[in-house]
Amino acid sequence: SKAPDGGARQRKPEAAQEHQRRKERRNQRQDDQDREPEAVEYAIDYIKKRGLKKQVVQDFMLGYAPQSGSGLLDLLRKEGLSVKDALRLGLIGQRSPERFYEKFFARLMFPIINAGGKVVGFGGRVLDRGMPKYLNSSETPLFRKRSTLYGLYQAKDGIRKTDRVVLVEGYLDAIALNQFGLADAVATLGTALTVEHVRLLSRYTKNIVALFDGDDAGRKAAARSFEIFIEAGMLGRTAFLPKSEDPDTVVRNRGKAAMEGVLDRAIPLADYYFSWLEERYGTSLEGKSQTAAEISRLLAKSQSPFDVDLLVRRAVDKLGSRDALLRRPSGVAGSGVSTSTRCAWSWLCAISGVPASPAAQMVAPTSIVRHANRPVCSTLSSSTFARCSPPHERGRRDDTMGEEGFEPPTSCV
């Protein structure tokens, strides 16, 4: 007689195990669905505890993703919509050719709407201590986090009325400010502020106030943000929250007037940036050299000669330079050297305060720290420096500040 197929005997236990797993998943799904009304009530209670009123919930179209993780898939199939399109948009995932799963479940849902009023993505917040706390849709051709801001569509009218936009970090912060009458608030999508964000906001107003936590991390983030503003062609202002508070708690506990008071104390980001550098590096010769390197790096990102001129003037006031050496020298047509680079050469010596060298050499600002023990800057007058030979006349290999291939000018006429 023919021996039994050993492979068939082996497949039977595997099939039984798979059948058991499917049964357990169905039972779990049924249990989740049975508890769904309770979970929905929990989400509603959470919204009430955050002090959100029905009107603002409707304005921002808040929702809830079921614990069962099948709400969206069930709806797509019921409406005859493409599951593959949902997959491309990052709303669902795929385990096998025929098995899909939802990325959002048991979360408070925040539709992300672009400036034109179209939903381009979603954010979801857990209602317990699960992780991650916030989850966003995957990036798609329609949705890019670095160029999208939460609440901008709802805030457009408010921004026009106040000629101001308040930039916060969290979805619920933007919603809470809106509810309390600060209808010009928007939020980043759980990512750092980008040049694209600032440029997007500049289409609506030039008065951008970035709101940060009052702790050390918030103050460091404010200093970093100034570089983003400069690269975007904006100067911006910053305000700091009381320690251990966020915009949501301020307006809920103390009202709109308290938050307006915080915003009224906003200062130019440039002023804060210079103060932060002084606090970080100090006022010694080495500290001023490091400050020079930081500011020259910042100036290299600016495309605006007006911003560069303002920042150089601000450096004179803040760092106590001896004369007008920080003023922008005249440009050299066709030199290919940015205005900010030329400025950096001129005010490096003034900030460092070193004696003139016989060769009247100047070094790149990022090199002054490396050469602190043998400075070779020249204390030239601003009119003399304006006639310094540009780098392209000396076989310059790279006009990027701080690159090893940089060759500074050495001759003046």
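The model holds 11 salt bridges, a salt bridge being a side-chain nitrogen of Lys or Arg within 4 Å of a carboxyl oxygen of Asp or Glu. This is a predicted model, in which local features need pLDDT of at least 70 and side-chain atom pairs count only at pLDDT 80 or more, while totals for chains, interfaces and linings use all residues. Residues are numbered from 1 along each chain as its sequence is written, and side-chain values use heavy atoms, with hydrogens and water left out.

Select R50 and D248: their side chains form a salt bridge, 2.8 Å from N to O. R50 sits in the loop between α1 (6–49) and α2 (54–59) and D248 in helix α9, so the pair ties together parts 198 residues apart in sequence. Helices here are DSSP runs of H or I with at least four residues, and strands are runs of E with at least two, numbered from the N terminus. Both R50 and D248 are buried (under 20% relative accessible area; exposed is over 50%, partly exposed in between; 1.4 Å probe, protein chains only).

Next, select R146 and E196, a salt bridge at 3.0 Å, N to O. R146 lies in the loop between β6 (134–136) and α5 (152–162), and E196 lies in helix α7 (residues 195–202). R146 is partly exposed at 38% relative accessibility, and E196 is partly exposed at 28%.

Then go to R164 and D184, whose side chains meet at 2.9 Å, N to O. R164 is buried at 12% relative accessibility, as is D184 at 1%.

Finally, select E227, E294, R297 and K301, which salt bridges with shared partners join into one network.
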